[in-house]
Amino acid sequence: MKISLAKHAGYCYGVQRALKLALEATVSSTKPIHTLGPIIHNPQVVESLKKQGVNAVNSVDEVNSGTVIIRTHGVDPKIIKKVKNRGLGLIDATCPFVAKAQQRAADLVKEGYNVVIIGERNHPEVAGLLAYANNQAIVVESAKELENVEVMGKTGVVVQTTQSLENLESILDTLLFKTKDLKVYNTICNATSQRQEAAAELSKQVDLMLVVGGKNSANTTRLTQICTKNNKETYHIETADEVNELWLDGIGHIGITAGASTPDWIVKEVIDRLETLAGGS
Ligand code: SF4
């Protein structure tokens, strides 16, 4: 059995940076360390950080002392203000690519554009982008949602950093029929594009594709959707235990990719298990 790993897979720059900041905080501070929501969408990593004293909370109101870490997705600036007003320490681990998208959203509002955010309505990154657009933007998940929208006038677009280029293209195709004055900031980050392209390429070449990463991770879920389009034998797993021996029946070549929040050690465990199931071949 042959196992191939996608050319770009696993931890991205933003996630590595956030984890480094969190781990440094555990060394330099004797006070409690909190993250607003899980620091990344990977339950295994969140659990491991918990053992090192980094605990996820849902709201700043739950924190009475210590430091609050803002995760890669970023937040509404009011939350940062609240952390400071409560006299808490602040580590802003917002990914610089997300920060750029936030700035773009704010600029579009200042320039008088009707802002469209392409992204998942319930994703924390999109909530942050909305706040930077003064909560005046509309969120669009798919081109279908624009079908009944009337002519829109001067329209500016920003994109959740982990969206697929395909979804962006399909929404822009529709938007072009709604307005003649369209400004687009493609804020999909490079790490996302590279992982999606590499996953698409590999999934076309293999008999079975495994996508490793948190079930709550938007970018991992997107990788699964992309691979499934090319290869019906695609499975999204979080850990090695989830590999089902029956999937491997008659399979000669397996492809593996991993979301931007998936650590190398989980990918390695998956490869080890595949090798064990294949009898070391
Ligand atoms: S996926 Fe892109 S935007 Fe998100 S944390 Fe990683 S580098 Fe930053």
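**View 1. An open sheet of four strands, in the order S7-S6-S8-S9, is paired in parallel.** Strands here are DSSP runs of E with at least two residues, helices are DSSP runs of H or I with at least four residues, both numbered from the N terminus, and two strands pair if DSSP finds at least two bridges between them. At the edges lie strand S7 (138-140) and strand S9 (182-184), each of which pairs on one side only. From one strand to the next the twist averages 25°, where axes are lines fitted to C-alpha atoms, for helices over the stretch in contact, and angles run from 0 to 180 degrees between N-to-C directions. The model is predicted, with local features requiring pLDDT of at least 70 and side-chain atom pairs counting only at pLDDT 80 or more, while totals for chains, interfaces and linings use all residues. Residues are numbered from 1 along each chain as its sequence is written, and side-chain values use heavy atoms, with hydrogens and water left out.

**View 2. Strands S6 and S8 run parallel and are joined by five bridges.** Strand S6 covers residues 114-118 and strand S8 residues 155-159; Val115 has Gly156 in S8 as its bridge partner. Helix H4 (residues 96-110) packs on this sheet and touches S6, S8 and S9, its direction making about 170° with that of S8; contact means heavy atoms within 4.5 Å.

**View 3. A second open sheet has four strands in the order S1-S12-S10-S11, also with parallel pairing.** Its edge strands, strand S1 (2-5) and strand S11 (234-237), each pair on one side only. Strand S1 pairs with strand S12 (residues 253-258) in the parallel sense over four bridges, and the bridge partner of Lys2 in S12 is His253. Helix H7 (residues 190-205) packs on the sheet, touching S1, strand S10 (208-212) and S12, and its direction makes about 170° with that of S12. Helix H9 (residues 264-277) also packs on the sheet, in contact with S1, S10, S11 and S12, at about 165° to the direction of S12.
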